[in-house]
Every structure is written in structure tokens, then in C-alpha cells.
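Okay, thanks everyone, let's get going.

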Amino acid sequence: MSDQAQAEYRIEDLAHHSGATVRTIRAYQDRGLLPKPERRGRSNVYRPTHLARLRQIADLLDRGYTLASIKELLEAWDAGRGLGGVLGLVAEVHGPWTDEEADRISREDLNARFGGLPDDDAVDEACELGVLERIPGRPDEFLVPSPQELAVAAELYAAGVPLAAITGHLRELRGQVEHIASRFLEFTTEHVFARYLGHVPPTDSDAAEAATMVRRLRPLAQQTVDAELARAMRLFATRHLQRHLGAAGAAQPAGPAPVALPAETVRAVQELVGPAHVAEFVRAATERELQARTMNELASRGGR
């Protein structure tokens with residue numbers, strides 16, 4: 001039997017090796033997350049299995065799981081249902097969703113890319129947004145999770161966009177992108193992952209299949225957004241250019257231009273006449289309004 005298998009820890013030793021506090025270890029025992037120690041005389045003895053369990057809990061907490069959900073996962077493991085597939089799924093979802101690799105930048109280089117002068121407020125805001133991350137013990141160096149995002153900000157600044165406008169735009173854009181991500185996850189969960197997640201926690205085999213599916217679908221969200229963004233940019237950039245060039249004489253599309261009705265109006269009309277008759281109703285209402293305006297105009301002329 002190896003020395004590792006025979007190792008014994010007092011609770012203070014276990015806390016030291018795991019990074020958890022003595023109070024946290026006792027709280028995990030009380031909640032059933034950590035097996036009770038062996039009782040030897042007047043002392044409690046912990047084994048390497050306790051240390052491994054504490055590290056498992058810490059890893060799952062870092063990935064955003066609650067203690068309640070962690071308890072369910074560990075109970076499934078203890079009951080022999082297996083946890084390898086579940087942990088594989090956790091690792092797959094928590095892994096990188098981009099091929100881009102993080103980089104580092106010195107404060108001197110950062111200043112040079114944004115005007116050459118120190119701006120502590122701008123750095124603080126960049127750290128708050130996660131564009132930069134401080135490195136403990138290295139005040140003059142930062143981690144850059146997305147060098148591409150920082151490069152975009154630098155190019156915009158060089159083009160004359162103020163830093164405050166760049167960060168404000170990023171905040172707005174982030175909210176919109178998070179909504180897209182949320183909708184994509186809802187969509188794929190409903191149509192793809194629901195069949196794998198019927199059990200809480202899922203079985204080991206279902207979790208392993210779900211992890212494989214995550215790998216297959218992971219690039220689809222970005223590919224879809226890239227394609228739609230390219231389409232929208234081409235459409236709106238052309239419109240903006242025509243407007244700003246004052247293209248009054250530019251060729252206009254033949255025929256009447258479509259008019260977008262407010263969603264509330266469309267819903268009200270649907271409730272009144274049914275979805276199949278919305279267009280007919282709007283057309284009739286428009287004709288009636290035009291006739292009424294024509295009659296009013298004629299009446300006003302007759303009284304002059």
C-alpha cells in the first residue's frame with residue numbers, strides 16, 4: 001500500500017493541504033458534503049479521500065456550482081452512478097469558447113497604446129469590464145484575457161473615439177451579446193440537451209454524450225453571429241453612407257416602401273380580426289383614413 005493511501009491528517013493539516021479553513025471543513029461535514037473522519041481515541045483522523053473530496057468541491061465551486069448542486073453530484077458519485085461523465089461535461093462547458101489565447105501587457109505598453117499618458121480611471125474601468133486583469137504582486141503588468149478585444153479598443157482610440165465612448169459602447173454591446181448567448185442556450189437546451197438532462201444529476205453516459213454535443217455545437221453560436229453581423233453591417237453601412245453623403249438623387253427602390261408597425265399594434269389587430277386578416281385590416285384602415293383626410297380637405301376648401 002502506498003504512503004499516499006496510508007496518509008493521515010488532523011483537521012488542521014487537512015485545512016493546510018486543501019486551502020479550506022477548519023470552519024469550512026466542519027461545515028461541509030455538517031451538510032453531508034464531506035464524509036465524517038475516523039475516530040481514533042480522542043482524535044479525528046482524515047484520509048487522502050477527504051483531501052480529494054475537498055479539492056473536488058473547490059473545483060466545482062470555482063465553476064459556479066452551488067453547494068446544493070455539488071451535494072447532488074457527490075451523492076450520485078457515492079451511490080455508484082459515476083461522476084466521470086458529469087465532470088467531463090462540467091469541464092467542457094467551463095472550457096474556452098474561443099481559440100484566442102490570453103496575453104500580458106506592461107503598464108508602459110498600455111499607456112503607449114492609449115495616448116502615452118497614465119490614466120488610472122481608464123485602467124480601473126478596463127479591469128471592471130474584464131478587458132484587463134490585475135496580476136497579484138505585479139502592479140505594472142496586466143493579464144489580457146482577449147488581446148483581440150484590447151486591439152479593437154486601441155484602434156478605435158487611434159481613430160479618434162474617446163475612451164469613455166469606447167467603454168460605454170462595450171457595456172451596451174456586452175448586454176446585447178449576453179442576451180444572444182442566453183437565447184442560444186435556451187434554444188439548444190430545449191431542442192438538443194433536454195434529453196440528456198432528464199435526471200438530476202444526469203447519468204454518467206448521458207453526461208458524456210452531452211459533453212460530446214457541446215463540443216460539436218460550441219462554434220455554431222459564433223459562426224451564426226458572425227454571418228448575421230456581416231449581413232447587418234453591409235446593409236446598415238450602405239444606408240448610413242447614403243444618408244451622410246446626402247444622396248437625395250440616389251436611386252430609390254421601386255414601389256411602395258414597407259412600413260413597420262409596432263408589435264403592440266400588430267398583436268391588438270390579431271386579437272381583433274385574427275392573424276390571417278391582419279394585412280387586410282391594415283389596408284382597409286389605411287384606405288379609410290386616407291378617404292377621411294381627403295373629405296376633410298375638400299370640406300375645408302369649400303368653406304373658403
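Let me start with one arginine: Arg-183 is partly exposed, at 42% relative accessibility. Its partner is Glu-186, and the two side chains meet in a salt bridge at 2.6 Å, N to O. Glu-186 is partly exposed as well, with a relative accessible area of 44%. Both residues sit in helix H10, 3 residues apart, so that's about one turn of the helix.

Before I go on, keep in mind that this is a predicted model. Okay, the overall picture. The chain has 304 residues, and 24% of them count as buried. On the secondary structure side, we have 13 helices and 5 strands. The accessible surface comes to about 21,500 Å², and carbon and sulfur atoms account for 56% of that. If you take contacts between residues at least 6 apart in sequence, 58% of them join residues at least 24 apart.

Back to charges. How many salt bridges does the structure hold? The count is 12. As a reminder, side chains of opposite charge can pair when their charged atoms come close.

Here's another of them: Glu-8 and Arg-47, with their side chains meeting at 3.4 Å, N to O. Glu-8 is in the loop between helix H1 (3–6) and H2, while Arg-47 is in the loop between strand S2 (43–45) and H4, so this pair ties together parts that are 39 residues apart in sequence. Are the two ends buried or exposed? Glu-8 is partly exposed, at 38% relative accessible area. Arg-47, on the other hand, counts as buried, with 19% relative accessibility. The cut-off for buried is under 20%, so please read that label for Arg-47 with its 19% in mind. This pair also belongs to a network of salt bridges, which links Glu-8, Glu-38, Arg-40 and Arg-47.

Next pair: Arg-171 and Glu-125. They form a salt bridge whose closest N and O atoms are 3.3 Å apart. Arg-171 belongs to helix H10 (residues 163–191) and Glu-125 to helix H8 (residues 120–129), so the bridge links distant parts of the chain, 46 residues apart. Both ends are partly exposed: Arg-171 has 36% relative accessibility, and Glu-125 has 25%.

Now to the greasy parts. Which residues touch the most other members of the largest nonpolar core? Those are Leu-14 and Ile-25, in a core of 19 residues. The elements giving two or more residues to this core are helix H2 (11–18), helix H3 (22–30), helix H4 (48–62) and helix H5 (67–78). H4 supplies the largest share, with 4 residues.

If you click on Leu-14 and ignore its neighbours within four places in sequence, you'll find contacts with Tyr-9, Ile-25, Tyr-46, His-50, Leu-51 and Leu-54. There's also a second, separate core of 16 residues, and its members include Val-123, Val-131, Leu-132 and Val-144.

Let's move to the sheet. What is the strand order, and how do the strands pair? The order is S3-S5-S4, an open sheet of 3 strands with antiparallel pairing. At the edges you have strand S3 (103–106) and strand S4 (133–135), each pairing on one side only. From one strand to the next, the twist averages 40°. S3 and strand S5 (residues 138–144) run antiparallel and are joined by 4 bridges.

Last stop, Ala-210. You'll find this residue in helix H11 (residues 204–244). Is Ala-210 buried or exposed? Buried, with 1% relative accessibility. And what does Ala-210 contact, leaving aside its neighbours within four places in sequence? The list is Leu-89, Phe-193 and Tyr-196. Leu-89 is 121 residues away along the chain, yet the C-alpha atoms of Ala-210 and Leu-89 are separated by 6.7 Å.

Key
Residues are numbered from 1 along each chain as its sequence is written. This is a predicted model: local features need pLDDT of at least 70, side-chain atom pairs count only at pLDDT 80 or more; totals for chains, interfaces and linings use all residues. Side-chain values use heavy atoms; hydrogens and water are left out. A nonpolar core is a set of buried Ala, Val, Leu, Ile, Met, Phe, Trp, Tyr and Cys residues joined through side-chain atoms within 4.5 Å. Buried means under 20% relative accessible area, exposed over 50%, partly exposed in between (1.4 Å probe, protein chains only). Contact means heavy atoms within 4.5 Å. Accessible areas come from the Shrake-Rupley method with a 1.4 Å probe; for residues, only the protein chains shown count as cover. A salt bridge is a side-chain nitrogen of Lys or Arg within 4 Å of a carboxyl oxygen of Asp or Glu. Two strands pair if DSSP finds at least two bridges between them. Axes are lines fitted to C-alpha atoms, for helices over the stretch in contact, and angles run from 0 to 180 degrees between N-to-C directions.
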